Amino acid sequence: RDRLATLKEKSAFSVTSIGLFGSTGAGKSTLLNTLLGKEFFLPVSGTQTCTSCQVRVSVCRSKHYEANIFLLSEKEWKEELKHLLAFLEEHDDDEEGESNKDVELAISKLRTVYGEGAERRSYEELLRATPKVNIPATRHITLRKPKAEELSEELDPYIRNQGNDEEDQMDVGSSNMRERTQKMQLWPLIKHVEVILPMSDLIPEGVVFVDIPGTGDSNKDRDKMWKESILECSSIWIIADVERVLGAKTQEIMLREAIRACQAGKCSDITFVVTKTDNLSVEEYLSKHDAILEQNKNLKNSKDKSIRLRLQKNLHSSAEVLQKPNLVYTVSAREYWKSETTKTLNKEETEISMLQDHVRKLRLNMMKNQLRNYMHEIHVVFCLLDVYRYMHVEGPFPLDSLDEYVKLKIQGLGTAAGHIFDQINLHLSNGVESARKLYKKNMEKLFNQGQKSRGFHRTLKALCMRKGELVSRVFERLDLNDALAQPVYEHIDEPFEIIFRKQQPMKESLQLAMDNFSTEMKDKFKSFGESIKLENSRLNFLLQETDNIMKGLEGKILRNKKSIYESYVLEIKSSLSPHYDEAAGIRGRQASQKIIKKLYEAVEEKVANNMFERAKNRMKSQFQEL
């Protein structure tokens, strides 16, 4: 009865999350609109970023278009407020340079919520102040409309980036504009938005597109969601426009995070999407059509080759993502929407339909696997019913010899897992040796980014307040903990991927040991059943229940894999945490040099006290627990 109740409550299919990973102006929203068949649904801009928060878009069996806007909790906003004020504490109004981008963002957030001059007020004053924006008590807003255009218009002010000039051009005297302005003023508080569309023929039910900022978010809680979203994605698309497709630093960060999602998360697919491929100067070509197709072909070849080489450094050559025939798509949403009389490319050549097919295949493969598992569980329930049907006529079940065999085999599986996990020890030790040699160089590389910035002391202070990791508009993603741990991950990434591989498991894979264990168990049950003339119903139950238990174990391993992988860098972060706090308190003249000196001394002290070795032992202990 409990099994049946569980099955009733359980959905046969979990969602297929596709992360759209791109930097400012890459065209994620335009691409997503086109895939959904809605040309102007999410806000788009040809010159700058438009989406100001993480947006999740899915379809379901509904007649309405719906959006749910989630705000930072009161506690989360108080923490953000404290960070913003501390960041501005030593701001010099006469400072010039691009570092002001971070300062301007902090001031903009404070003024938007509390009004002009908020940046000059204390934390306690702002806590007592009444925000000038209406914040719903539930920290949640729901919009529901019968038409896509209506929801789009309602949703736009919540998710449009507030750095655009159009807000300044509004006629704020009208009531509609005042209402729109009020909605737009919520942007610093918005954590994420979920949009639900009715079913269509273009995208299957159960697919969730997640619009993920390229390097994360300056807000701690939104950045935490950024990290978690990446690891939850089944597929990650790295999106770059054709003019910035080669050599961008942000793309390297995104590809590294995508590879990490394959190693520590649920991701089994990485796709690179080049957008705006019709942006081409063609004076030297006789045909724009031929020029675009030639450009796309060359881009595919060069980008596919460079991505495969990058993947092979961290993943084994037999990894599922490396078996894909197409890693790169070259798309043009603008050409897709043009009329037949004005378009240069036909719809097939825009590759939008190819991406839609890719989405459908991803979803279908996941559904097949999940349905197979679900049917196994249903079969177990029916086998169980048959067992109860025969129990009243059968004698006691002779368990002793079977029980002893099961215990020995479980012990053997534990031993086999231990041997499999042991293979990473040498890689960990080599990684620690590299980390010890390279930590000063890696720190220097990170700190050198701010050499020409007069406001770098604020960035460093914010970095320390966030325990070594920060997202900046100027410096993109800074992560000192990750920089220190990176040499270790370079050594363990490939063996780690092999250990936890499910598809095409190798002799070094845990999955193969589990498969062998399961096969041996079921063979024993069959021979045992024959020896005591066991009814088929009881035998089938044992076989199906074995599969059910092993599937549950696979789920636990998948969840543990993430914590094991992250344990190394988290131990470094924990070790340095008190030193980050001390460095964050440094003020006055030459604050940058003093903070950097403090961090060098702290890391040197921790390295001398075996910080890298302790992190290694923490990872090994987590393997042992598993």
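**Notes on the predicted model**

1. Helix H9 (residues 249-264) and helix H10 (residues 288-314) have axes that come within 11 Å and cross at roughly 50°. With that angle, H9 and H10 are therefore oblique to each other, and their crossing is right-handed. On the H9 side the contact is made by Gln251, Glu252, Leu255, Arg256, Ile259 and Gln263, and on the H10 side by Lys303, Ile307, Arg310, Leu311 and Asn314. Sorted by class, this contact of H9 with H10 has four nonpolar, three polar and four charged residues.

2. H9 has another helix partner to look at. It packs with helix H16 (residues 480-499) at an angle of about 45°, the axes being 11 Å apart. H9 and H16 are therefore oblique to each other as well, but here the crossing is left-handed. Arg256, Arg260 and Gln263 of H9 meet Asp482, Gln486, Asp493, Phe496 and Glu497 of H16. One nonpolar, two polar and five charged residues make up the contact of H9 with H16. Do notice that Arg256 and Gln263 are in the H16 contact and also in the one with H10.

3. Nine strands form an open, mixed sheet in the order E4-E3-E5-E2-E6-E1-E7-E8-E9. Its edges are strand E4 (140-145) and strand E9 (328-330), each of which pairs on one side only. On average, neighbouring strands are turned by 20° against each other, direction ignored.

4. Within that sheet, strand E2 (residues 54-60) pairs in the parallel sense with strand E5 (residues 190-198), over seven bridges.

5. Next, a hairpin. Strand E10 (residues 469-472) and strand E11 (residues 476-479) run antiparallel and are joined by four bridges, with three residues between them in the hairpin. Valine 471 has arginine 477 of E11 as its bridge partner. Is E10 covered on one face or both? Both faces are covered: Glu469 and Val471 on one side, and Leu470 and Ser472 on the other, are all buried.

6. Two backbone angles deserve a look. Most residues other than glycine have a negative phi. Lysine 276, in the loop between strand E8 (269-275) and H10, has a positive phi near 55°. Glutamate 476 of strand E11 also has a positive value, about 60°. Lysine 276 counts as partly exposed because its relative accessibility is 26%, and glutamate 476 counts as partly exposed at 21%.

7. Finally, the whole chain. It has 20 helices and 11 strands, and buried residues make up 51% of its 626 residues. Of the contacts between residues at least 6 apart in sequence, 80% join residues at least 24 apart.

Conventions
Residues are numbered from 1 along each chain as its sequence is written. This is a predicted model: local features need pLDDT of at least 70, side-chain atom pairs count only at pLDDT 80 or more; totals for chains, interfaces and linings use all residues. Side-chain values use heavy atoms; hydrogens and water are left out. Axes are lines fitted to C-alpha atoms, for helices over the stretch in contact, and angles run from 0 to 180 degrees between N-to-C directions. Helices (H or I, at least four residues) and strands (E, at least two) are DSSP runs, numbered from the N terminus. Angles under 35 degrees count as roughly parallel, over 145 as roughly antiparallel, 65 to 115 as roughly perpendicular and the rest as oblique. A crossing is left-handed if the near helix is turned anticlockwise from the far one by less than a right angle, and right-handed if clockwise. Contact means heavy atoms within 4.5 Å. Ala, Val, Leu, Ile, Met, Phe, Trp, Tyr, Cys and Pro count as nonpolar, Asp, Glu, Lys and Arg as charged, and the others, Gly among them, as polar. Buried means under 20% relative accessible area, exposed over 50%, partly exposed in between (1.4 Å probe, protein chains only). Two strands pair if DSSP finds at least two bridges between them.
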